[in-house]
Structure formats: structure tokens, C-alpha cells
Amino acid sequence: MKKLFIIIICITLLAMLGILVFGNPSEQTDFSKTEGITTVLSLEDEIQNDAIWCGTFQLIWNDLKNDLAKQDIVFDPQLQVIENLNKETFTTEDISEQYYYKKVGFPSITLKEEIENAIKDKFNETSNILNDFDWTGRDPEDYFLYAMLKKEFKFEKAFEELKNGKFGNYDNVKYFGIKNEDADELRKQVKVLYYNSKDDFAIKLETKQEDEVILCKNPQGKTFNEIYNNILKQKEEYKGSRSVQEGELLKVPNIKLNEKNEFTEIQDKVFYFSNGLPYSIEKAIQTVEFELDREGGKIKSEAGMMVNYESAMVLPDEIREFFVDDTFAIFLIEENKDTPYFAGKIDDITKFQ
């Protein structure tokens with residue numbers, strides 16, 4: 001069932017991403033930030049409404065942890081999001097190699113060009129994030145980590161285009177699905193995972209490829225992992241029909257999503273490799289482009305992370321001042337002795353100058 005994670009962001013489309021329904025995809029990617037949408041870094045992060053996740057950032061985090069740091073990444077104080085990333089809930093075992101590319105190396109123009117050529121050759125794609133990083137004047141101990149995931153899938157037979165309708169409180173939403181009672185071929189593409197009521201169900205849309213699109217109305221759980229595991233649990237317990245019967249209809253919103261996020265909350269915090277060298281994340285960026293319509297869907301995601309080597313004298317998060325400019329005590333003691341040979345407490349410095 002691991003392949004379901006490939007399209008895991010679809011889990012909450014019906015209940016959580018309705019405000020993103022737009023219509024036909026545009027040719028030009030627009031990464032203007034959509035207010036109210038949260039991109040989480042791992043499947044273990046707590047989510048609210050209108051949240052998305054894709055595995056590209058987890059892939060480069062795994063490389064940072066396992067290949068570079070060679071231990072868990074630990075901030076001081078530690079962040080829950082870092083603990084969640086360290087769990088590696090998504091790895092290269094969860095997606096076929098032909099659908100992703102990743103690279104780790106010294107940040108340079110040469111590396112940037114190597115990545116650009118590789119994603120052009122493998123996916124016929126260009127990057128939307130590489131120009132956001134500083135590639136010159138790097139410390140020899142710096143690193144850059146990159147991943148791209150790209151997948152497209154088609155339904156065996158295109159679903160029917162439905163009339164625009166309501167989604168919650170939103171009007172004029174584009175839908176596809178099954179409206180005709182004699183649409184036997186379309187119904188074969190839909191598997192019922194469980195059905196408790198019209199407001200509590202999960203279905204699977206099968207494609208020509210190995211991808212499966214899971215749709216769950218009114219999902220239960222605080223994280224994507226909890227939601228997904230709840231779907232599997234209810235699927236195992238469900239005793240009803242797994243097929244869409246004649247007369248049963250399907251209605252799914254079109255989706256178009258173009259998000260680009262810089263994860264400032266994990267930047268500029270010192271952590272250590274297993275060899276004791278201090279590092280920090282200078283910049284961390286992820287994009288997620290996802291579309292779903294009557295014919296199928298496609299997803300493209302990039303993640304990049306610039307990791308800085310910190311000098312031996314690492315500045316603390318708070319710059320301290322050691323100004324002895326008010327009441328103080330002073331002691332003089334010989335090395336390796338237990339008792340000072342002079343002590344003083346000074347309030348009025350004018351008496352001592």
C-alpha cells in the first residue's frame with residue numbers, strides 16, 4: 001500500500017482544499033502565495049484545514065541526516081518539526097526511481113548547471129527554485145541538497161464533466177465524476193474503501209499507471225499519517241460493497257495548486273554533524289504543483305536546502321553582554337585552592353577608584 005503515499009496530498013482534497021478549485025490549468029506556473037494554505041514538512045506534522053504535503057523535502061532531509069550529519073538533526077532547543085523529519089516517514093522506498101531525482105554536493109555554479117541538465121534530461125523540466133540560492137563565495141564545507149519529483153497519471157477513461165456547483169460555502173466550483181447511470185466503464189475506475197454516510201466515506205480512483213488517488217470526505221486525524229492510517233483501518237473493517245453500483249453517482253472537484261514555500265522556522269539554527277562540526281540551514285525551499293481533472297492528474301515538486309558550515313566560534317542565538325557596570329562581587333583565589341584569598345562586594349564604585 002506504500003504507493004498510495006505518492007498522491008497522499010489527495011487525502012483531504014474534498015474537505016480541505018476546496019478553495020483551490022480553479023478550472024483549466026494555465027501554461028505558466030504562478031507561485032503567488034495562496035493565503036491560508038499551509039505546507040507541512042512531514043506526514044507527522046499536525047495540520048489544520050487547507051494543508052498540503054509532498055515528499056521531496058523529506059527526501060533531502062533524509063540525505064542531510066544519513067549521508068552528511070550521520071545522526072539525527074538536533075536543534076537547541078529542539079523543534080517538533082525536526083523530530084518529525086528525523087522519523088523518515090517517507091523514503092525512496094516509497095516511490096519508483098524514475099519519478100524522482102536528487103543530488104547532494106558542494107554549492108557551486110557547476111553543481112547548479114549539473115542539476116539543471118539532469119532534470120532537463122530526465123523530466124524535460126526547468127527549476128523554479130535554483131535561482132533563489134546563493135551559489136558563489138561558498139565555504140568548502142558547505143552543502144546543497146536538491147530533489148525533484150514528477151509524476152503524471154491518466155484515468156483509463158475520462159470521467160464526465162459535471163455542472164459547476166457548490167462546495168461548502170463556495171459557489172461555481174468545477175467538478176468531474178459520474179452522472180449517467182449507464183456509465184459502467186467509469187464506475188469500474190472507482191473502488192469504495194468505506195462508506196458510513198454521504199458525509200463520511202473514502203474512495204479510490206484507479207489510473208492507467210500504478211497511482212491510486214484516495215479521496216476521503218471529512219477526514220479524521222491530527223496529521224496526514226493519522227488520517228491515512230484511519231482510512232486503512234476503516235477500509236479493513238468495512239463490510240459493504242466495494243464497487244460503485246448502478247445509480248450511484250460521483251462528484252469530485254477539479255484541483256489546481258501551485259505553492260512555493262521557504263521554511264524560515266528551521267533556518268539559521270545551529271546543529272552538529274556526528275564529527276562535531278557545526279552547521280545551520282541557510283535556506284530551505286519547496287514547491288508543490290498539483291492538478292486533478294476528469295482525465296487524470298499530475299504533480300511536480302522541488303525541494304532545495306543550502307547548509308552552511310559554521311565557524312568554530314558559533315554565535316549563540318542571543319548575543320550576551322558582559323558589562324560589569326553595577327553592583328558586583330569579586331573573588332581572588334589561587335589555582336587548585338578551595339578558598340579565595342580576597343573577596344569584595346562593590347556597590348559604589350567611586351569608593352574604589
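In what order do the three strands of the open sheet with E5 in it come? They run E5-E6-E10, and the pairing is antiparallel. Keep in mind that this is a predicted model. The protein chain has 353 residues, and 46% of them count as buried.

**The chain overall**
- Take the contacts between residues at least 6 apart in sequence: 68% of them join residues at least 24 apart.
- The protein chain exposes about 19000 Å², with carbon and sulfur atoms supplying 45% of that area.

**The sheet with E5, E6 and E10**
- In this open sheet, ordered E5-E6-E10, E5 and E10 stand at the edges with a single partner strand each, so one side of each has no neighbour in the sheet.
- On average, neighbouring strands here are turned by 40 degrees against each other, direction ignored.
- Strand E6 covers residues 170-178 and is joined to E10 by four bridges, with the two running antiparallel.
- If you want to find that pairing in the model, look for Gly 177, which stands opposite Lys 251 in E10.

**The sheet with E7, E8 and E9**
- Another three strands make an open sheet in the order E7-E8-E9, again with antiparallel pairing.
- Its edges are strand E7 (190-197) and strand E9 (212-217); each has a single partner strand, so one side of each is left without a neighbour in the sheet.
- The twist from one strand to the next averages 10 degrees.
- Strand E8 (residues 200-206) pairs with E9 over six bridges, in the antiparallel sense.
- Within that pairing, Glu 206 sits opposite Glu 212 in E9.
- Helix H6 (residues 224-237) packs on this sheet and touches E7, E8 and E9. The direction of H6 makes about 90 degrees with that of E7.

**The largest pocket**
- The volume of the largest pocket comes to about 720 Å³.
- It is lined by 26 residues, and the closest to its centre are Tyr 195, Lys 198, Phe 201, Lys 217 and Leu 249.
- Which strand gives the largest share of the lining? That's E7, with four residues.
- Both sheets show up in the lining: E5 (160-167) and E10 (250-253), along with E7 and E8, each supply at least two residues.
- Helix H1 (13-16) also supplies at least two residues of the lining.

Technical notes:
Residues are numbered from 1 along each chain as its sequence is written. This is a predicted model: local features need pLDDT of at least 70, side-chain atom pairs count only at pLDDT 80 or more; totals for chains, interfaces and linings use all residues. Side-chain values use heavy atoms; hydrogens and water are left out. Buried means under 20% relative accessible area, exposed over 50%, partly exposed in between (1.4 Å probe, protein chains only). Contact means heavy atoms within 4.5 Å. Accessible areas come from the Shrake-Rupley method with a 1.4 Å probe; for residues, only the protein chains shown count as cover. Two strands pair if DSSP finds at least two bridges between them. Axes are lines fitted to C-alpha atoms, for helices over the stretch in contact, and angles run from 0 to 180 degrees between N-to-C directions. On a 1 Å grid over the protein atoms alone, a cavity is a set of points where a 1.4 Å probe fits but cannot get out, and a pocket is an open set with protein on both sides within 12 Å along at least five of seven lines; lining residues have an atom within 4 Å of a point. Grid points are joined across faces, edges and corners, and a volume is the space filled by probe spheres set on the points.
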